[in-house]
Amino acid sequence: MNKTNVRSRRSFRQERDLIQAFGQRDLKSKFKGTALGWLWSLVVPLASLGIYTLIFGGLFKMVPATIASRHEGIGIFAVWLFAGLTIWGFFQNSINAGINGLLGSGGLLQKVYFPAYSAVLGSCLAIGVQSGIEVGLLLVVLACLTNVSWTWLLLVPFMLLLVVFTGAVSVILSIWNIYVRDLAHLVGVFLQLMFYATPIIYNPDIVPESVWGLPAHDLVQAMPMAQFISLFRSLVYSLQPGSIGDWLACCVWAGVALIGAVLVFRRWGADLGERI
């Protein structure tokens, strides 16, 4: 059969069912054979939040960078930390899952043509479900602390920007990894470096203005994930709507990543089944 007969161009909306199917496959395999099943999606983040509370709040007595005035004096550094780790975890896990998801779909891709981004975004969707549960738990904890405001409504556009940015970066790296297999290992090292370079577990105010002649403080705060995490904490924790500059920065990063993903897919995204 001529390959061009089965590779008819379809819109992203038409691939939605396929992306959902890949996501459901990954979710089922994640909890398959476990005694608690889906309960692990609740147990793990609750356990993490408990550990952060004991270690950082109880042992090290660390305080958050910003705190709503009516909660001043309440040691909830663990909640502030959990908020940052949730957003970073979605980004990091989506990239790793996207790379593995595309490689794992190689056998199927050799038999049936489908856009490479379907497998990548399906894996990201599975990670997104887990991260969504963690965000829900975070909001429940904040609600119990009466730390609620209308700024939570802005989570909808924020999440949309974050999903677009993360999904686009995952597609770019997953496709490039098919051509350069060392990339997956380099990405793992780079993500570790970015984790510590991004103000997730520390206050960005402790970063010096200049290091080795470089504007370290400005560079740290200008990184894309630093801006996404800062805006998320502002919305749900500090109960501030975020500045126009923060929103514009997130929109620019999401737009640039999306354009990059489209260009990479059109240039290198075809015939991947023959390369996997």
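Modeller: Start with the overall picture. Of the 276 residues in the protein chain, 45% count as buried. Keep in mind that this is a predicted model.

Colleague: How many helices and strands does the protein chain have?

Modeller: Eleven helices and zero strands. Read from the N terminus, the elements run α-α-α-α-α-α-α-α-α-α-α.

Colleague: Now the interior. What is the general idea?

Modeller: In soluble globular proteins, nonpolar side chains tend to be buried together. Here, the largest nonpolar core has 71 residues. Those with the most contacts inside this core are Trp88, Phe158, Met225, Phe232 and Val236.

Colleague: Which helices each supply at least two residues of this core?

Modeller: Helix H2 (16-31), H3, H4, H6, H7, helix H8 (183-197), H10 and H11. The largest share, 16 residues, comes from H4.

Colleague: How do I describe a pair of aromatic rings?

Modeller: Use the distance of the centres and the angle of the planes. A search of the whole structure finds ten aromatic pairs. Take Phe91 and Phe165: their ring centres are 5.8 Å apart and their planes are at 15°, so this pair is stacked. Planes under 30 degrees apart count as stacked.

Colleague: Where do Phe91 and Phe165 lie?

Modeller: Phe91 is in helix H4 (residues 77-104), and Phe165 is in helix H7 (residues 155-179). The pair therefore ties together parts that are 74 residues apart in sequence.

Colleague: Are Phe91 and Phe165 buried or exposed?

Modeller: Phe91 has 8% relative accessibility, so it counts as buried. Phe165 has 6%, so it also counts as buried. The cut-off for buried is under 20%.

Colleague: What about the rings of Tyr117 and Phe265?

Modeller: Their centres are 5.1 Å apart. Their planes are at 70°, so the pair is edge-to-face. Tyr117 lies in helix H6 (residues 116-144) and Phe265 in helix H11 (residues 244-268), so the pair ties together parts that are 148 residues apart in sequence. Tyr117 is buried, with a relative accessible area of 11%.

Colleague: Which residues do ring pairs link into a cluster?

Modeller: Trp88, Phe91, Phe158, Phe165, Phe195, Tyr196, Phe228 and Phe232. Trp88, Phe158 and Phe232 are also among the residues with the most contacts inside the largest nonpolar core.

Colleague: Which residue lies over the face of Trp80?

Modeller: Arg233, at 3.6 Å from the ring centre.

Colleague: Let us turn to the surface. Which residues form a nonpolar patch there?

Modeller: Leu39, Trp40, Leu42, Val43, Val44 and Leu46. Together they have about 490 Å² of accessible area. One of them, Leu46, sits in helix H3 (residues 40-59). At 46% relative accessibility, Leu46 counts as partly exposed.

Colleague: Last topic: backbone angles. Which residues have a positive phi although they are not glycines?

Modeller: Take Thr146 and Leu239. Thr146 has a phi of about 55°, and Leu239 has one of about 60°.

Colleague: Where is each one, and is it buried or exposed?

Modeller: Thr146 is in the loop between H6 and H7. Its relative accessibility is 52%, so Thr146 counts as exposed. Leu239 is in the loop between helix H10 (224-236) and H11. At 12% relative accessibility, Leu239 counts as buried.

Key: Residues numbered from 1 in each chain as written. Predicted model: local features only at pLDDT ≥ 70, side-chain atom pairs only at ≥ 80, totals over all residues. Heavy atoms only, no water. Phe/Tyr/Trp six-rings, centres within 6.5 Å; stacked < 30°, edge-to-face > 60°. Helix = DSSP H or I, 4+ residues; strand = E, 2+ residues; numbered from the N terminus. Buried < 20%, exposed > 50% of the residue type's maximum accessible area, 1.4 Å probe, protein only. Lys NZ or Arg CZ within 6 Å of the ring centre and 35° of its normal. Patch = residues over 30% accessible without salt bridge, like charges linked within 9 Å, V, L, I, M, F, W, Y side chains within 5 Å. Areas by Shrake-Rupley, 256 points an atom, 1.4 Å probe, with all protein chains shown as cover. Salt bridge = Lys/Arg side-chain N within 4 Å of Asp/Glu carboxyl O. Core = buried A, V, L, I, M, F, W, Y, C linked by side-chain atoms within 4.5 Å.
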